[in-house]
Amino acid sequence: MRNVLFATSEAHPLIKTGGLADVSGSLPQALNKLNCDVRVLLPYYQEIKNKLENVKQIAQFSVSGHAGTISLLETRLPDSEVKVWLIDYPKAFDRPGNPYLDEQGLPWPDNAERYALFSKAATLIATGQIIADWKPGIVHCNDWQTGLIPALLAQQPQKPATLFTIHNLAYQGIFSRETYLTLDLPDYLWSPDTMEFHNQISFIKGGLVFANIITTVSPGYAREIQTAEFGFGLEGLLKHRADKLSGILNGIDMDIWDPANDPLIEQNFSVKTLKEKQKNKTSLQKEFSLPVENDTPLIGMVGRLVQQKGIDIVLEALPDLLQESVQLVILGTGEKKYEKAIKQFATQHPKQISALIGYDETLAHRIEAGADMFLMPSRFEPCGLNQLYSLRYGTVPIVQGVGGLLDSIVDTNTQTQKNKTATGYIFTEATPDALLKTLKRAIETYKKPQTWRSIARTGMQQNFSWEESAKKYIQLYEKAATL
Ligand code: ADP
Ligand code: GLC
């Protein structure tokens, strides 16, 4: 039995802004099944407080530099055996809305203080100073919010091993020197060799410099972030630590994303009953007030409306794309300029585009189930989960060939069609032209229903369950303990 402290700033279904929550909700379950004993450590946000009834206080303590008492609460991840420990510190976490952003969509002004407090609490728990009878062998940290944990543990005499997973290098947790000075951190953390980054403090560097092992969420992204194009200024450091850096492709929760049993969709279906998928398309067209047309390809998009996801490329391609006989449904939130532009297109072309600007878990499932194609023109994509959900739902992904997208999709060409390995369509340049060309390729194949269904079926038969990836993490936990 291995004790794993899994520190994360979000976990589905308790709190979610993106894929990190999906991973934190499902990887710990897979690890438990492989005989690990996991504690998911999360901030006790107001949204979690409103959702949970069964929480019990198991400790109270304080951390340096922060007045007041922290309560450690225990609960379980809903519908699972996985134990969750919650850091209850109302001043930092008991506020409405998004974990990272205020009502205006700007980072909370005290984010450095909030996640420093979380990381300090994690460090005390990790060294057995709070709960004496449960000590982790490994602390698995995720993204910048937990970057301070390996950094603070580094100088502890009795410390567990650490593994730091990069889910997205674009978010680094960078704060001013003035802010750093308020955090009451040890002096060794202010140096270009540690967490200083161009005269600011970078939380993610704490993980990248100090963790025994670094992972990211696909092998492709592990290579890409060592280059200037994808490294966001950290490529040098990552290259320096290349022998400790690897990529493990995310799995998906096969129960939550299961077209044969999904309670959120109109009509369940499986690889054997793929034709039934059509009913989901009809219902999606109705729900999004699009004309119900069986034979018009329906393209789905779900995600954060930010530059990373290539939404600007879609907007540029739209005038030409709309010359084709296609329909498009979009669900997302993000930068206001993109939200506005999408709404404008939808108003101008109500028979072809329909968009919902908002966050809606149920609709995300219904789009995966009802669309024929799923578009992900990301500029970079550490892993991406929606293309994996799409494969499972027989919805053919059309993706930019980067990171986890390239690692999980096989482009359709004569060869891959012949040997039945094709699962989607890939374009290799982040331009409207490349997107259009590839979409036209997909539309041509869509006109041959048998061929199309064969591609969809191959996708549905791929296995992206967590088991294999969780085994790889366990191997790295063992390796980390020897370093
Ligand atoms: P990222 O973490 O970069 O946003 P991923 O593809 O890894 O991208 O994961 C995104 C997750 O968030 C998926 O589960 C997706 O369905 C969900 N999601 C994103 N935007 C929305 C939205 N507007 N409504 C519902 N679910 C969303
Ligand atoms: C990040 C990435 C996404 C990845 C997710 C979960 O948000 O942008 O590609 O799938 O984390 O690892």
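User: Hi! Which atom of ligand 1 is 2.7 Å from the side chain of Arg304?
Analyst: In this predicted model, an oxygen atom of ligand 1 sits 2.7 Å from an N or O atom in the Arg304 side chain.

User: How much of ligand 1 does the protein bury?
Analyst: The protein buries 93% of the 560 Å² that ligand 1 exposes when taken alone.

User: OK, and what about Leu385 and Asn386, which of their atoms lie by the ligand?
Analyst: For Leu385, a backbone N or O atom lies 2.9 Å from an oxygen atom of ligand 1. For Asn386, a polar side-chain atom lies 3.2 Å from an oxygen atom of ligand 1.

User: How many residues surround ligand 1?
Analyst: There are 20, and the closest are Gly19, Asp22, Arg304, Lys309 and Gly358. By type, the shell divides into 6 nonpolar, 7 polar and 7 charged residues.

User: Which element gives the most to that shell?
Analyst: Strand 13 does, with 3 residues.

User: And which domains does the shell draw on?
Analyst: At least three residues come from each of domain 1 (3–251 + 466–480) and domain 2 (274–460).

User: Changing topic: what is the strand order in the open sheet of 3 strands?
Analyst: The order is 8-10-9, and the pairing is antiparallel. Strand 8 (174–175) and strand 9 (196–197) are the edge strands, each pairing on one side only.

User: How many bridges join strand 8 to strand 10?
Analyst: Strand 10 (residues 200–202) is joined to strand 8 by 2 bridges. Across that pair, Phe175 stands opposite Ile201 in strand 10.

Notes: Residues are numbered from 1 along each chain as its sequence is written. Chains are lettered from A and ligands numbered from 1 in the order in which they are written. This is a predicted model: local features need pLDDT of at least 70, side-chain atom pairs count only at pLDDT 80 or more; totals for chains, interfaces and linings use all residues. Side-chain values use heavy atoms; hydrogens and water are left out. A residue is near a molecule or strand if one of its heavy atoms lies within 4 Å of it. A polar contact is a pair of N or O atoms within 3.5 Å; within protein, one must be able to donate a hydrogen and the other to accept it, and residues adjacent in sequence count only if both atoms are side-chain atoms. Accessible areas come from the Shrake-Rupley method with a 1.4 Å probe; for residues, only the protein chains shown count as cover. Helices (H or I, at least four residues) and strands (E, at least two) are DSSP runs, numbered from the N terminus. Ala, Val, Leu, Ile, Met, Phe, Trp, Tyr, Cys and Pro count as nonpolar, Asp, Glu, Lys and Arg as charged, and the others, Gly among them, as polar. Domain bounds come from an automatic or database domain assignment. Two strands pair if DSSP finds at least two bridges between them.
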